[in-house]
Amino acid sequence: TELTVMDNIIFCYGQFLANTIRLVLKAGTLLIFYQQCTFAEIIFEENLDFGKFSIVNNSNVSELTVTRYGQSFSSNSLRIITPGAPALLKFINYPAYTTLYLNPITPTTGRVQSGNSAEFILTDLDIPASVTTDGAGEASMLLGGTIESSGTGQSYLDTDFIFSIRFTINY
């Protein structure tokens with residue numbers, strides 16, 4: 001069985017000092033329906049938080065990574081002010097004692113809520129290759145990710161950036 005999981009991620013941009021940005025994965029519930037009239041869910045118990053950071057100069061591409069282990073890294077003109085934290089996802093109502101093989105689908109360009117702003121691209125999801133459900137058909141995993149600035153020289157507006165998060169589940 002192969003399922004494609006999609007949800008929206010809202011990255012919130014806020015003014016802090018000069019160009020500080022706070023990105024947060026929108027808490028949400030993913031519903032996956034089976035033919036047997038039961039349903040599996042993926043629940044975001046903790047949000048993916050990219051922390052607070054500043055882009056000193058958007059004339060070159062910069063990256064920000066929050067690993068599923070909670071480490072934060074940045075490159076080029078991006079400076080971390082407050083480190084981020086990974087998301088915690090819970091899989092429920094899956095078959096018991098089953099290995100779920102996960103495969104991220106990236107990249108994804110963020111949509112700007114309003115206005116004309118430079119874009120962020122979600123270039124990678126940091127997820128395990130698989131998780132195994134317990135006797136109740138439940139499993140948990142941590143999720144990290146990497147975003148990339150545009151590098152166009154354009155500034156970022158004080159607005160929300162919405163991304164789709166997608167990965168396949170095979171079992």
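Me: Which residues touch the most other members of the largest nonpolar core?

Reply: This is a predicted model, in which local features need pLDDT of at least 70, side-chain atom pairs count only at pLDDT 80 or more, and totals for chains, interfaces and linings use all residues. Residues are numbered from 1 along each chain as its sequence is written, and side-chain values use heavy atoms, with hydrogens and water left out. Of the 32 residues in the largest nonpolar core, those touching the most other members are Phe91, Leu102, Met141, Leu143 and Phe167. Such a core is a set of buried Ala, Val, Leu, Ile, Met, Phe, Trp, Tyr and Cys residues joined through side-chain atoms within 4.5 Å.

Me: Why is Phe91 called buried?

Reply: Buried means under 20% relative accessible area, exposed over 50% and partly exposed in between, with a 1.4 Å probe and protein chains only; Phe91 has 0% relative accessibility, so Phe91 counts as buried.

Me: What makes the pair of Phe120 and Tyr156 stacked?

Reply: Rings of Phe, Tyr and Trp (its six-membered ring) pair if their centres lie within 6.5 Å, and planes under 30 degrees apart count as stacked, over 60 as edge-to-face and the rest as tilted. The ring centres of Phe120 and Tyr156 are 4.3 Å apart and their planes lie at 20 degrees, so this pair is stacked.

Me: How do you know that Tyr156 is buried?

Reply: The relative accessible area of Tyr156 is 8%, and therefore Tyr156 is buried; Phe120, at 1% relative accessibility, counts as buried. Ring pairs also link Phe53, Phe120 and Tyr156 into a cluster.
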